[in-house]
Amino acid sequence: MLDLDRIKGHLRIPHNLEDTEIQDYLEFAKQDVIEAVFDSQDPNLDIPKLEEDKIYQRAVIMLTTYYYENRMAISEVSQHESPFSVTHAIQTLRAHRDRYLCD
């Protein structure tokens, strides 16, 4: 499951000073990935099933990392466009979107 501790592990952040911001980025990423593939207001969307999908998790982790690392115009980390892996994961989810829509 995607939660703050898992994201912080990927970001290699041992402290809790930025937990609120990281949690916000995580929620933004989840919503952005869902909206890139589905209508988040669709009552037939099975979000719990989607959240178990490793491709969805990869997209959310990569996008959260991107948001965190690119949060300031001046940063220790070079600014980059959204990673190709996010785009690839979203395209894969689009190809299999019927798996997450209930009848």
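**View 1. Arg 12 is placed in the loop between H1 and H2.** The model is a predicted one, in which local features require a pLDDT of at least 70 and side-chain atom pairs count only at pLDDT 80 or more, whereas totals for chains, interfaces and linings use all residues. Residues are numbered from 1 along each chain as its sequence is written, and side-chain values use heavy atoms, with hydrogens and water left out. Helices (H or I, at least four residues) are DSSP runs numbered from the N terminus.

**View 2. Leu 4, Ile 7, Lys 8 and Leu 11 are the buried residues of H1.** Seen down the axis of H1, these residues fall within an arc of 100 degrees, so they line one face of the helix; the arc is that of the directions from the helix axis to the C-beta atoms. An α-helix has 3.6 residues a turn, so residues three or four places apart point the same way. The cover over the buried residues of H1 includes H2 and H4.

**View 3. Lys 8 of helix H1 is buried, at a relative accessible area of 9%.** Apart from neighbours within four places in sequence, Lys 8 is in contact (heavy atoms within 4.5 Å) with Ile 13, His 15, Asn 16, Asp 19 and Ile 22.

**View 4. Helix H1 (residues 4–11) and helix H4 (residues 54–69) have axes that come within 10 Å and cross at roughly 65 degrees.** Axes are lines fitted to C-alpha atoms, for helices over the stretch in contact, and angles run from 0 to 180 degrees between N-to-C directions. The crossing of H1 past H4 is right-handed, that is, the near helix is turned clockwise from the far one by less than a right angle. H1 contributes Arg 6, Ile 7, His 10 and Leu 11 to the contact, and H4 contributes Gln 57, Ile 61, Thr 64, Thr 65 and Tyr 68. By class, four of the residues in this contact are nonpolar, four polar and one charged (nonpolar: Ala, Val, Leu, Ile, Met, Phe, Trp, Tyr, Cys and Pro; charged: Asp, Glu, Lys and Arg; polar: the others, Gly among them).

Key
Helices (H or I, at least four residues) and strands (E, at least two) are DSSP runs, numbered from the N terminus. Buried means under 20% relative accessible area, exposed over 50%, partly exposed in between (1.4 Å probe, protein chains only).
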